[in-house]
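Q: Hi! Could you walk me through the ligand site in this one?
A: Happy to, let's take a look.

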Amino acid sequence: MRLVLASRNENKLRELRRVLPEWGIELLGARDEPVEDGATFLDNARIKARHGQVQAARDVWIAGEDSGIEVTAIGGRPGVESARWAEDGVARLLTELDGVADRRARYVCELVVLAPNGSELHARGVLEGEIAVGPRGTEGFGYDPIFIPGGMALTVAELGNGWKAEHSHRAQAARALADMLAETVVASDDGREPGAG
Ligand code: IMP
């Protein structure tokens, strides 16, 4: 199965490939990036997928992904602004939570897949956790050095990429979507696989 990811984010590509090696995921490498002005992760994932679909080959199945972190003590921010919130998001978050007892946070990922016939599938993954008092660990990306998943003592950057492939918000969304996609492909009229043709 082949699927094209409408993104330039190599970290997301690496993680999605590790969760779903059988998809043979490729990056679209679009000429430009869409304006991510949606109010939700789902809106932005759809914006990316639709923008990619215009530039991709006609028969390709295309995926859009939007993700971020919601921090309870600051009203769910940065949320959809996670990538643009600050030059150094980790430093800003630690500053905003300095002395704050409520460290709860969650990672959210929305994945949208558009079929060549225009139909849409989407899935959401959520990973609950809390913000550490300082960065620890070297794997992953973004907020991983300060994100401690619920029930764990280590940050995601310490737990590592293998752990992320099993448990992350992105892994959860990708696996749910893979299940839906398998059913869709079996049930589709022409029976062609994603990316075929
Ligand atoms: P997007 O490219 O607009 O979806 O931005 C996603 C942003 O959310 C990233 O740049 C990171 O700051 C943050 N983020 C999303 N997923 C993760 C993750 O798995 N680990 C750490 N940070 C993440």
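Q: Which elements each supply at least two residues of the shell around the ligand?
A: β3 (62-71) and α6 (169-187) do. Helices (H or I, at least four residues) and strands (E, at least two) are DSSP runs, numbered from the N terminus. This is a predicted model, in which local features need pLDDT of at least 70, side-chain atom pairs count only at pLDDT 80 or more, and totals for chains, interfaces and linings use all residues. Residues are numbered from 1 along each chain as its sequence is written, and side-chain values use heavy atoms, with hydrogens and water left out.

Q: And which gives the most to the shell?
A: β3, with 4 residues.

Q: How many residues surround the ligand, and which are the closest?
A: There are 17, and the closest are K12, F141, D144, K164 and R170.

Q: How much of the ligand does the protein bury?
A: The protein buries 90% of the 490 Å² that the ligand exposes when taken alone (Shrake-Rupley method, 1.4 Å probe).

Q: What about Y143 and K48?
A: A polar backbone atom of Y143 is 3.2 Å from a nitrogen atom of the ligand. For K48, a polar side-chain atom lies 3.4 Å from a ligand oxygen atom.

Technical notes. Near = heavy atom within 4 Å. Polar contact = N/O pair within 3.5 Å; in protein donor to acceptor, adjacent residues only side chain to side chain.
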